[in-house]
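Subject: Structure handover

Hello,

Here is the structure for you to look at. My notes on it follow below.

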Amino acid sequence: MTQTLTLRRPDDWHLHLRDGAMLQAVLPETARHFARAIIMPNLVPPVVTGDQAAAYRDRIMAALPDGMTFEPLMTLYLTEDTDPDDVAQAAASGLVKAVKLYPAGATTNSASGVRDFDKVRPVLERMADIGLPLCVHGEVTDADIDIFDREAVFIDRVLDPVRRATPGLRVVMEHITTANGVDYVKSNDTDLGATITTHHLIINRNHILVGGIKPHYYCLPVAKREEHRLALRAAATSGDDRFFLGTDSAPHTDALKEHPCGCAGCFTATNTMALLAHVFEEENALDKLEGFASRNGPGFYKLPVNIDTITLTKSETATKFPAKIDMGEGTVTVFDPGFPVYWNVTA
Ligand SMILES: [Zn+2]
């Protein structure tokens, strides 16, 4: 029996497009299904100023194939030297939709991130004044904190104090991976949302480590215990509008993933919508998918919901997704959920 599901066109509220040949290769994978995406600024060097964000937006639009439409929602990489006036100007012009906080050393290309939060206080206060959201990579980087505990410790030691010190600051906890993250969002009434990735709804840490190490399941924040995955699934499928899709689709070439010091990131742009339909159907929550993927994100960012739609179809034969995307100087492996998926985007 064929089943179909039509949704307002989704957006991706956390996406890595990279630059150059990689940008060229991966942008169509997102633009095929998504109208807009919050573009992560962790290039080398990072996108720190409004001028750099404008130039990066132009490179993204130049890489968009003819006939495709896509709107990149730009972000600035918060450093201890960020100028509050530059941030305010980039936001007022409509170019920049958020500022991204990376604790220094937390993930790919985060060396310029913040060490001393007092130094960014003027920027955070200006953002609170103008309503510009702060997107947070929520992990402490202290060497003495276990990597599986870094999100929970970040909430207590950094996020909660920063939010208390900056009333009115709107914060998105990016790619939450724990029940602690879910609970923290739920315990706050306003100004706090969270993105959840596709892969964290599907894998727990066993998928990475049991039966041989699986580099393509390694990402940051790293997948946690099963109880945390279940908490994320419950939050994503609950209809609570503080939770929304941010794929954190993060391409690295296979040579860098399958490496003695492999890069962190799962590439899910290609099959995210099909995988989400599978997950939401398993949770008897297909009616909540549009909220999670298409409505809650624009709600938080105070942007209109997309007018056009996509249609997902469930068929009797498993969908064949490309295993890899060719980027010329290498390939990027598409996230493999490890089970057959019968949904696909058909219109
Ligand atoms: Zn990311």
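In which sense do β8 and β9 pair, and over how many bridges? They pair in the parallel sense, over 3 bridges. Two strands count as paired if DSSP finds at least two bridges between them. Helices (H or I, at least four residues) and strands (E, at least two) are DSSP runs, numbered from the N terminus.

Before the rest, the ground rules. This is a predicted model, where local features need pLDDT of at least 70, side-chain atom pairs count only at pLDDT 80 or more, and totals for chains, interfaces and linings use all residues. Residues are numbered from 1 along each chain as its sequence is written, and side-chain values use heavy atoms, with hydrogens and water left out.

**Around β8**

A194 stands opposite F243 in β9. On β7 (residues 171-173), the pairing with β8 is also parallel, over 3 bridges. There, L192 of β8 is the bridge partner of V171. From β7 the chain crosses through helix α6 (residues 179-186) to β8, a right-handed β-α-β crossover. Right-handed means that, with the strands pointing away from the viewer, the path from the first strand over the helix to the second runs clockwise.

Buried means under 20% relative accessible area, exposed over 50%, and partly exposed in between (1.4 Å probe, protein chains only). In a regular strand the side chains alternate between the two faces of the sheet. Here L192, A194 and I196 point one way, while G193 and T195 point the other way.

**The zinc ion**

Which residues are the protein donors of the zinc ion? They are H14 (NE2), H16 (NE2) and D248 (OD), lying 2.1 Å from the ion. Donors are N, O and S atoms within 2.8 Å of the metal (3.2 Å for Na, K and Ca); water is not among the atoms, so sites may look incomplete. Along the chain the donors follow the spacing H-x1-H-x231-D. H16 and D248 link distant parts of the chain, 232 residues apart. H16 sits in the loop between β2 (12-15) and α1 (20-31). D248 sits in the loop between β9 (243-245) and α9 (254-257). Both H16 and D248 are buried.

**Helix α10**

Of the 11 residues of α10 (residues 272-282), 9 are buried, so this helix is largely enclosed by the rest of the structure. Among the buried ones are M273, L276 and F280. Their cover includes β1 (3-8), α8 (226-236), β9, α11 (289-301), β10 (309-314) and β13 (343-345). After α10 comes N284, with a positive phi near 55 degrees.

**R126**

R126 lies in helix α4 (residues 121-130). Is R126 buried or partly exposed? Its relative accessible area is 28%, so R126 is partly exposed. Not counting residues up to four places away in sequence, R126 touches P84, D85 and A88. Contact means heavy atoms within 4.5 Å. R126 and D85 are 41 residues apart in sequence, and 8.4 Å apart in space, C-alpha to C-alpha.

**The whole chain**

The protein chain has 11 helices and 13 strands. Its C-alpha trace spans about 55 × 45 × 40 Å along the principal axes. Buried residues make up 59% of the 347 residues.

Best wishes
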